[in-house]
Amino acid sequence: MLGVVRKKMLGQSLLKIRPAVSMLRSYSSAAKQMTVRDALNSALDEEMSADQKVFLMGEEVGEYQGAYKISKGLLEKYGPERVLDTPITEAGFAGIAVGAAYHGLKPVVEFMTFNFSMQAIDHIINSAAKSNYMSAGQMSVPIVFRGPNGAAAGVGAQHSQCYAAWYASCPGLKVLTPYSSEDARGLLKAAIRDPDPVVFLENELLYGESFSVSDEVLDSSFCLPIGKAKIERVGRDVTITAFSKMVGHALKAAEILEKDGIDAEVINLRSIRPLDRSTINASVRKTNRLITVEEGFPQHGVGAEICASVVEESFAYLDAPVERIAGADVPMPYAANLERLAVPQVEDIVRAVKRACYRSVPLAAAA
Amino acid sequence: MALSYLRSSSSRSVNLLKPLSSSLPLRRPISTDTTPITVETSVPFTSHQCDAPSRSVETNPKELLTFFRDMALMRRMEIAADSLYKAKLIRGFCHLYDGQEAVAVGMEAAVTKKDCIITAYRDHCTFIGRGGTLLEVFAELMGRQAGCSKGKGGSMHFYKKDSNFYGGHGIVGAQVPLGCGLAFAQKYSKDETVTFALYGDGAANQGQLFEALNISALWDLPAILVCENNHYGMGTAEWRAAKSPAYYKRGDYVPGLKVDGMDALAVKQACKFAKEHALKNGPIILEMDTYRYHGHSMSDPGSTYRTRDEISGVRQERDPIERIRKLILSHDLATEKELKDIEKEVRKEVDDTITQAKESPMPEPSELFTNVYAKGLGVESFGADRKEVRATLP
């Protein structure tokens with residue numbers, strides 16, 4: 001698995017760490033490259049093949065092959081009864097999908113972006129998330145709502161919001177945020193198999209990125225556990241939590257910090273609800289410093305919850321205040337320079353880490 | 001109006017008319033006589049984009065007596081709920097169905113438990129129609145363990161999945177796309193069954209209804225949208241809320257039928273017709289012209305937006321139970337006393353069940369954390385003071 005290979009690497013040579021992709025190419029004999037897009041497509045394909053009850057519904061998922069080509073080839077393979085093009089009526093088709101889930105099917109609903117999910121949010125929260133509870137277990141809702149979330153490039157204020165914090169605050173939902181192709185495959189398969197409603201937040205800018213995947217990941221039975229974060233990079237001096245695209249930023253920041261003798265641990269959350277508080281807290285108890293990174297609006301965001309959790313569970317272990325890096329507290333502007341200021345950049349993460357480290361000499365420098 | 005019926009054999013009549021003796025069990029056996037009787041509906045059906053079904057409805061003594069007993073039970077149940085609410089044993093919202101009973105019983109007579117029904121929050125009687133028990137109703141209303149949702153749902157969230165009753169929904173209009181989704185699943189699984197999605201005249205203006213209807217018509221889903229038009233959306237009369245209150249026509253390209261919702265036999269005929277239609281041709285709308293005696297909910301006296309004369313007028317002219325009573329009496333299927341005895345039995349049944357329901361305990365505190373997920377993954381959840389109350393989700 002990726003994590004294991006990297007840990008061995010760190011033991012050998014701290015200063016020769018190269019980006020995850022090329023490193024693995026040289027060390028893993030089974031490493032193939034797979035884009036996140038292909039990872040999602042293959043996961044959908046395999047789950048639809050394995051279970052007749054799984055079907056896909058959304059705008060342009062069929063004949064158009066998917067607005068972002070995630071569902072390419074599925075209409076040809078499974079036919080129009082299982083891959084359904086809907087009219088542009090999110091409230092209607094999300095409600096229909098939840099009703100189908102009530103009656104035992106396993107719908108995968110695609111929102112062209114999660115900005116449009118707001119039109120259907122009543123069905124996600126009131127019809128899906130709360131039903132199992134209100135019915136004392138009679139009505140489980142095995143549905144997946146998936147699609148791109150957060151900022152793309154230059155798409156403006158109405159098409160750039162991150163919904164992780166909103167959905168993750170609601171009991172009854174599971175909220176997943178894949179980063180790599182392994183995440184995309186494993187978490188989407190887990191989501192489809194899970195009997196509860198899952199909000200699956202992808203990222204448009206990650207669709208085209210390639211990651212190494214082992215044979216294990218490529219196997220059709222591959223599945224990742226829901227609710228478990230992944231330590232992408234082990235470190236000793238500071239913990240950086242991130243999800244989705246920001247994981248890539250955090251890893252780049254860690255490389256830069258390496259040169260300054262700061263050894264950062266990067267946690268890929270993978271699951272915002274349930275949040276893997278034990279992995280986060282265990283890491284902070286080791287490093288004593290925490291930076292949370294997210295793309296979405298800062299107020300009441302994911303970082304706020306992580307900070308509160310760490311203050312509650314591991315206060316005595318903190319050597320510095322928790323730092324939050326988040327999207328700017330403004331609607332997303334269009335002009336390229338303003339857009340750049342509205343979204344976290346690698347240098348923002350580096351700066352925050354250095355702030356968190358100023359009180360004592362980082363242990364890594366003693367190596 | 002021509003009434004034709006086969007006179008039941010004299011021995012059967014004699015049995016029916018025999019006075020109850022004290023040695024008979026408390027529950028009077030409903031007549032098992034299934035000799036067909038044909039009855040005309042109160043008014044003919046009005047149709048939109050389809051041919052209306054016949055006004056002549058096939059029924060039989062057993063069915064009529066069942067209608068009578070079931071509606072009397074529902075009526076008594078709702079009135080008892082009114083008292084319990086005023087006694088503060090029921091809290092929050094309580095939306096009562098008395099006056100509309102014919103829709104629930106007529107529909108059940110036309111369908112099977114494999115067909116699906118979904119409705120909004122005025123769901124107590126629909127739940128009973130689907131086979132729910134009085135105990136489950138009263139216990140749920142009082143928030144007790146014996147309730148159909150174990151006390152965690154309340155008045156608006158009754159479900160009975162094993163008889164394909166899908167609730168029980170508090171958000172006005174949301175149940176209509178959900179119902180079309182049930183129909184989608186039925187078609188997907190090739191079940192040859194249909195879904196009845198009930199909504200009110202208030203919900204009839206919801207956009208999501210038209211979104212779901214569009215998709216249902218495009219995909220030929222066996223969805224029957226049933227507008228229970230009791231003429232008031234909370235306190236707003238239909239003519240103040242809808243530019244066109246001809247709800248059965250609002251489907252445009254989707255056929256519709258207007259039905260006297262106070263006539264259980266008309267409801268039965270319409271639902272039978274709709275089921276046949278939906279299985280062959282996709283969605284259809286039924287508008288049930290009905291009336292609720294209570295206000296919108298227990299906090300609404302129901303008289304600020306309509307006159308008491310209107311309410312008592314409907315009670316006198318169109319009450320669904322009285323209609324069936326007259327039908328039974330005019331066909332000599334039972335005596336007045338026998339019908340009154342049924343009502344007394346029903347009243348006792350309701351009172352006894354309430355006593356039983358009051359004995360059911362409130363849920364254990366640990367139930368706060370159950371059923372959040374179907375598959376809890378051993379995740380932690382928290383009470384108001386998370387350092388004090390934590391739980392692992394099962």
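Which side chain does a polar contact of 2.2 Å join to that of Asp33(B)? The partner is the side chain of Thr35(B), where a polar contact is a pair of N or O atoms within 3.5 Å (within protein, one must be able to donate a hydrogen and the other to accept it, and residues adjacent in sequence count only if both atoms are side-chain atoms). You're looking at a predicted model, in which local features need pLDDT of at least 70, side-chain atom pairs count only at pLDDT 80 or more, and totals for chains, interfaces and linings use all residues. Residues are numbered from 1 along each chain as its sequence is written, chains are lettered from A and ligands numbered from 1 in the order in which they are written, and side-chain values use heavy atoms, with hydrogens and water left out.

**Chain A at a glance**

- Chain A has 15 helices and 14 strands; helices (H or I, at least four residues) and strands (E, at least two) are DSSP runs, numbered from the N terminus.
- Of the 367 residues in chain A, 62% are buried, and buried means under 20% relative accessible area, with exposed over 50% and partly exposed in between (1.4 Å probe, protein chains only).
- Take the contacts (heavy atoms within 4.5 Å) in chain A between residues at least 6 apart in sequence: 81% of them join residues at least 24 apart.

- Strands β2 (residues 54–58) and β4 (residues 106–110) of chain A run parallel and are joined by 5 bridges.
- Val54(A), for instance, has Lys106(A) in β4(A) as its bridge partner.

**An enclosed helix in chain A**

- Helix α11 (residues 245–259) of chain A is largely enclosed by the rest of the structure, because 11 of its 15 residues are buried.
- Among those buried residues of α11(A) are Met246(A), Val247(A), His249(A) and Leu257(A).
- The buried residues of α11(A) pack against β9 (230–233), β10 (238–242), β11 (264–268), β13 (290–293) and α15 (346–357) of chain A.
- Just after α11(A), Gly261(A) takes a positive phi of about 75°.

- Ser160(A) is in the loop between β5 and α8 (164–168) of chain A, and counts as buried at 9% relative accessibility.
- A polar atom of the Ser160(A) side chain lies 2.6 Å from the backbone oxygen of Gly156(A).
- Not counting residues up to four places away in sequence, Ser160(A) touches Asn115(A), Gly150(A), Ala151(A), Val155(A) and Met332(A).
- Val198(A) lies in strand β7 of chain A and is buried, with a relative accessible area of 0%.
- Leaving aside neighbours within four places in sequence, the contacts of Val198(A) include Ile143(A), Phe145(A) and Leu176(A).
- Back to Asp33(B): you'll find it in the loop between α1 (10–17) and β2 (37–40) of chain B, buried at a relative accessible area of 6%.
- Asp33(B) and Leu333(B) are 300 residues apart in sequence, yet 9.5 Å apart in space, C-alpha to C-alpha.

**Where chain B meets chain A**

- In all, 48 residues of chain B are in contact with 51 residues of chain A.
- The area buried between the two chains is about 4000 Å², and carbon and sulfur atoms give 62% of that; buried area is the accessible area (1.4 Å probe) that two parts lose on being put together, summed over both.
- In chain B, Tyr159(B), Tyr188(B) and Tyr373(B) lose the most area to chain A, together 16% of what that side buries.
- The rule finds 4 salt bridges across this interface, a salt bridge being a side-chain nitrogen of Lys or Arg within 4 Å of a carboxyl oxygen of Asp or Glu.
- Arg390(B) forms a salt bridge with Glu313(A), and their closest N and O atoms are 2.8 Å apart.
- Helix α6(B) gives the largest share of the side of chain B that touches chain A, 9 residues.

Technical notes: Pairing = 2+ DSSP bridges.
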